[in-house]
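Please read the following points with the structure open beside you, and look up each residue as it comes along.

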Amino acid sequence: MSEKKRYFIENIWYAAAWEYEVAETENKLARTICETPLVFYKGKTDNYIALDDRCCHRAAPLSIGRVEGNCIRCMYHGMLYNENGQVVEIPGQVRVSKSLKVRSYPVVAKGGMIWIWMGDPELANENDIYDFPPLSDKVNWRGFDKGAYLHYDANWLLIVDNLADFSHVAFVHANTLGGSEAYAYSTQAENIQKGEDGFSMERWDRDSASPPFHAKVIPNEELGNTVDRANIIQMRLPGVFLMETLFTPVGWKEKDGRENVREYRNCQFMTPETRNTTHFFWNYLHNWEIDNSAISASLKESLLEGFMEDKVFIEGQQKLLERSPDFVPRSIAADEAFAHFRNKWGRRLRAEDEANPLAHKENKRTIL
Amino acid sequence: MSEKKRYFIENIWYAAAWEYEVAETENKLARTICETPLVFYKGKTDNYIALDDRCCHRAAPLSIGRVEGNCIRCMYHGMLYNENGQVVEIPGQVRVSKSLKVRSYPVVAKGGMIWIWMGDPELANENDIYDFPPLSDKVNWRGFDKGAYLHYDANWLLIVDNLADFSHVAFVHANTLGGSEAYAYSTQAENIQKGEDGFSMERWDRDSASPPFHAKVIPNEELGNTVDRANIIQMRLPGVFLMETLFTPVGWKEKDGRENVREYRNCQFMTPETRNTTHFFWNYLHNWEIDNSAISASLKESLLEGFMEDKVFIEGQQKLLERSPDFVPRSIAADEAFAHFRNKWGRRLRAEDEANPLAHKENKRTIL
Amino acid sequence: MSEKKRYFIENIWYAAAWEYEVAETENKLARTICETPLVFYKGKTDNYIALDDRCCHRAAPLSIGRVEGNCIRCMYHGMLYNENGQVVEIPGQVRVSKSLKVRSYPVVAKGGMIWIWMGDPELANENDIYDFPPLSDKVNWRGFDKGAYLHYDANWLLIVDNLADFSHVAFVHANTLGGSEAYAYSTQAENIQKGEDGFSMERWDRDSASPPFHAKVIPNEELGNTVDRANIIQMRLPGVFLMETLFTPVGWKEKDGRENVREYRNCQFMTPETRNTTHFFWNYLHNWEIDNSAISASLKESLLEGFMEDKVFIEGQQKLLERSPDFVPRSIAADEAFAHFRNKWGRRLRAEDEANPLAHKENKRTIL
């Protein structure tokens with residue numbers, strides 16, 4: 001009997017899908033989260049339902065089934081599941097055992113994103129879902145109409161790691177999001193606040209030229225000015241990154257007000273698909289000329305270019321780590337915030353593991 | 001020393017290849033059956049020979065060798081094997097040790113299909129090969145000139161499972177082979193006969209419209225009629241499915257004679273390539289206007305369309321089962337026949353395993 | 001705690017890359033040798049440096065970094081490594097711990113090839129690198145301007161095995177490098193010399209027609225002549241093959257002098273990438289009309305055609321061996337030289353294993 005290793009916290013909300021993703025595929029979507037194959041579908045009151053994507057009878061995928069009100073029908077032998085995962089009809093069979101069911105999961109839509117709770121439903125409280133007001137505020141903020149999605153062939157923590165140390169911007173993104181290698185030498189993480197569920201911090205780059213992604217969207221007359229740039233981030237379990245970016249006149253202070261400040265808001269949600277792959281959701285919003293769609297289009301292109309630069313490193317790390325089981329990473333000073341995050345995550349993982357140890361049941365099936 | 005799990009019955013005949021498959025590739029064919037790489041070739045009297053496809057010297061594939069009468073020459077260093085798998089010549093070497101050999105397997109051709117016995121040759125009796133007379137009867141029946149082949153990325157039992165419950169026809173094949181979802185509600189398996197080597201059963205759909213695959217090939221004047229449809233199947237170990245399908249006038253009984261009955265015969269042979277992949281051979285025959293090649297062509301297209309519908313489910317199940325080692329399937333009433341088959345197969349598997357336990361020899365090779 | 005198996009000798013020089021390969025990719029090259037991902041780069045005095053291709057901080061690939069003199073900068077967070085693998089700069093951090101480093105490996109360029117020592121640097125002696133004078137002798141010999149490279153999906157010993165028994169030339173290369181199947185029957189390995197680091201041997205094919213690869217490049221008036229052909233080979237650990245090929249007048253003896261002899265020199269270096277894949281480097285040189293580039297082009301094409309014929313067998317063997325863990329190869333008389341090589345290699349492998357047993361450290365990482 002081999003021991004099983006736990007890779008994911010369960011009692012927490014994960015970003016699962018943008019609402020439009022479900023809408024665009026006949027109101028149902030197959031997606032694996034934390035190595036659990038799930039089907040998400042939209043019920044009769046535009047409610048969302050998530051069930052194990054595996055009919056209890058013969059493991060046929062429910063996601064190739066048919067949504068019928070709040071139910072979904074397995075289209076192999078026609079078994080009908082309700083929103084609780086209970087089988088309520090078997091064609092040609094009169095009585096249906098109560099024991100025929102699949103697991104259902106709490107799901108909530110917020111800010112265009114569907115969130116799922118992978119653990120004990122009794123503990124799920126939708127007020128714990130992180131709020132990111134700009135995503136819902138169509139008056140002051142403009143992002144992409146459809147939140148963006150990327151798939152990473154890498155463990156989610158490698159992406160958190162990337163975002164937890166902005167010195168990488170200087171080298172990975174010198175010609176896109178960063179602007180210069182000097183950024184790594186002349187700026188520092190400031191005001192690191194550590195909490196039970198993550199950390200926040202700031203990084204100020206003062207009196208510098210605008211980096212390329214910003215220079216592409218501001219009025220020409222501002223291009224010659226140097227600016228102060230602030231990145232103010234929050235990173236929360238289990239992979240929620242929220243960032244305010246300010247471009248201000250040199251020497252600006254909060255008391256000067258924000259009239260002359262150009263602002264961005266960025267959310268990135270990293271959700272494990274498997275231990276080696278990640279769903280990555282993001283949007284990037286700005287607060288001026290919000291009806292000029294060219295700005296948002298340019299930002300999307302710039303950010304995507306930047307993420308592709310990251311992907312080379314992150315997926316490269318993943319490959320090397322898979323091939324190097326004995327590798328132990330060495331710390332540097334800039335790791336402080338990520339080390340805290342990793343530590344808090346590890347403690348919760350171990351606590352869940354102790355409360356509910358994973359046992360490997362021997363597979364007696366001979367069909368596979 | 002790890003324990004090995006047995007996945008296949010050995011003392012039984014498996015469908016290995018259509019005869020034309022061997023003929024079309026210079027009279028030799030590489031095919032893996034029950035995780036055993038084999039080479040099939042045609043000898044000097046049109047006899048078939050099957051050997052392990054792995055030269056005993058250095059594991060070069062014999063299937064890229066050269067057939068010489070009843071022998072096959074490994075084209076790496078020229079070693080010549082006879083039909084018993086014995087090396088009879090080593091170029092440049094005078095004496096050849098009797099111990100240089102590969103395993104040979106009993107093979108028999110019947111009805112255009114080559115059958116192989118994977119177990120103890122002493123026990124092989126070619127009379128045990130299932131007979132399907134329509135495959136050889138060119139006077140009354142017409143199928144495809146060349147029996148068809150499909151490859152499944154799924155364990156063979158998932159295909160047996162599919163065929164053992166015709167209620168799936170209602171949902172998977174509503175627009176092709178089935179005709180309507182009502183089929184699942186209004187018809188039942190009847191006359192289930194269980195035996196040591198499998199089961200037979202019938203399913204009658206009375207007074208219904210012809211399903212699409214049949215409607216496409218019958219005369220226009222019959223299209224408005226409802227019919228009785230019978231599917232009378234046999235499923236035999238280790239994966240032999242034979243079916244008679246009758247379309248009769250409503251209320252027809254056997255004593256009425258078969259003049260006004262349109263009949264089909266269908267064979268499907270499921271042979272494990274590996275525990276996760278299957279060779280699937282089939283033909284579909286009809287008994288009227290047999291010289292009208294359009295009928296057979298239409299039936300082939302319809303059936304293939306139907307099998308592709310099945311494949312989505314079956315390969316979907318396979319993927320989910322591979323990812324869900326702890327999944328235990330739950331039974332419904334319609335599983336009776338398959339459960340019997342699975343049970344009989346499991347008993348034979350265990351009996352062979354007890355008689356001849358698999359031992360894992362430690363691999364001392366360092367070359368791999 | 002699982003036991004680890006050792007697959008590679010470490011205290012030995014391996015052919016790692018042609019020099020031009022490094023030059024063509026901005027003076028740095030990622031290449032895995034003996035399952036160790038490495039970055040090779042060219043320093044400020046055209047010296048070569050090899051480091052583990054994995055930043056000690058977060059396992060980012062150094063090979064997507066930037067060469068700066070004798071240093072290479074990890075372009076993720078900007079850490080700078082010197083030629084000894086020591087971190088000498090961390091942007092934004094004042095002190096750098098001496099413990100931040102990656103492994104560096106002895107490397108030497110010779111005859112256009114970069115050689116690497118995978119074991120204890122104290123034991124590395126560059127005089128132990130096999131010399132192949134024709135590779136450096138531009139006056140008397142002409143090969144390909146750029147040494148050739150092939151990648152094999154096979155363990156390196158399967159290629160050594162191939163080269164250690166020239167009877168395969170008769171069957172695998174009858175129409176390319178060999179000339180006839182008779183070669184396997186009428187010629188024998190002669191003068192086999194066995195040593196601690198490998199073997200040498202000869203094979204003479206007397207009074208035969210020129211094989212196709214040779215016939216394509218000699219003057220027309222020689223085509224009607226039969227010749228004596230000698231292949232005089234050396235095979236050295238850990239995968240160095242050197243061959244002299246002579247085409248002489250029939251009955252020629254060394255005392256007759258080499259004026260009427262057409263000669264080739266061939267080197268083939270087999271370096272394990274992983275236990276299942278191999279880097280294969282080669283060149284093929286001739287000693288007449290060396291300014292006629294058509295000869296070298298024809299030879300390259302002929303040899304490549306021959307290697308492709310080998311590859312089918314070698315990669316076929318690999319696949320069968322991976323699927324046949326219990327297979328034990330059977331010996332024939334022609335295996336003598338390879339068996340000796342295999343034995344000497346196995347003894348060195350075990351000796352290194354006893355001196356320095358591989359321990360599997362438990363991976364406590366949860367990020368992968």
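This is a predicted model: local features need pLDDT of at least 70, side-chain atom pairs count only at pLDDT 80 or more; totals for chains, interfaces and linings use all residues.

Which residues does F8(B) touch, not counting residues up to four places away in sequence?

1. Setting those close sequence neighbours aside, F8(B) touches C34(B) and P272(B).

2. The predictor gives the complex an ipTM of 0.94 and a pTM of 0.95. For chain A the average pLDDT is 95, and 97% of the residues score at least 70.

3. The next point concerns how the chains are related to one another. Chain A is superposed on chain C by a rotation of 120° with 0.1 Å of shift along its axis, and the RMSD is 0.0 Å. That is the relation of a three-fold axis. Chain B is likewise superposed on chain A by a rotation of 120° with 0.1 Å of shift along the axis, again with an RMSD of 0.0 Å.

4. Where chain A meets chain C, the contact takes 35 residues from chain A and 23 residues from chain C. On the chain A side, the elements that give two or more residues are α2 (156–164), α3 (168–172), α5 (182–186), α7 (293–323) and α8 (336–355). The largest share of this side, eight residues, comes from α7(A). Sorted by class, the side of chain A that touches chain C has 19 nonpolar, nine polar and seven charged residues.

5. Within chain A, the domain assignment gives domain 1 (13–127) and domain 2 (140–352), and 33 Å separate their centres, taken over C-alpha atoms. Eleven residues of domain 1 of chain A are in contact with eleven residues of domain 2 of chain A. On the domain 1 side, β1 (13–18) and β2 (28–33) of chain A each supply at least two residues, and the largest share, four residues, comes from β1(A). This side of domain 1 has eight nonpolar, two polar and one charged residues.

6. In soluble globular proteins, nonpolar side chains tend to be buried together. In this model the largest nonpolar core has 289 residues, and those with the most contacts inside it are F40(A), I116(A), F40(B), I116(B), F40(C) and I116(C). If residues up to four places away in sequence are not counted, the residues that F40(A) touches include A16(A), A17(A), V22(A), L29(A), Y48(A), A50(A) and I114(A), and also K28(A) and R31(A).

7. Is helix α2 of chain C enclosed or open? Eight of the eight residues of this helix (residues 156–163) are buried, so the helix is largely enclosed by the rest of the structure. Among the buried residues of α2(C) are W156(C) and I159(C), but also D161(C) and N162(C).

8. Finally, some details of the backbone deserve a check. The peptide bond from L237(A) to P238(A) is cis, with omega near 0°, and P238(A) is found in the loop between β15 (227–236) and β16 (240–248) of chain A. In chain C, N27(C) has a positive phi of about 60° although it is not a glycine, and N27(C) counts as partly exposed because it has 15 C-beta neighbours inside 10 Å. C34(C) also has a positive phi, of about 55°, and is not a glycine, but C34(C) is buried, with 20 other C-beta atoms within 10 Å.

Technical notes
Residues are numbered from 1 along each chain as its sequence is written. Chains are lettered from A and ligands numbered from 1 in the order in which they are written. Copies are superposed by least squares on the C-alpha atoms of residues with pLDDT of at least 70 in both. Domain bounds come from an automatic or database domain assignment. Two residues are in contact if their C-beta atoms, placed from the backbone, lie within 7 Å. Ala, Val, Leu, Ile, Met, Phe, Trp, Tyr, Cys and Pro count as nonpolar, Asp, Glu, Lys and Arg as charged, and the others, Gly among them, as polar. A nonpolar core is a set of buried Ala, Val, Leu, Ile, Met, Phe, Trp, Tyr and Cys residues joined through C-beta atoms within 7 Å. A residue is buried if 20 or more other C-beta atoms lie within 10 Å of its own, exposed if 12 or fewer, and partly exposed in between; C-beta atoms are placed from the backbone. pLDDT is the predictor's confidence in each residue, from 0 to 100.
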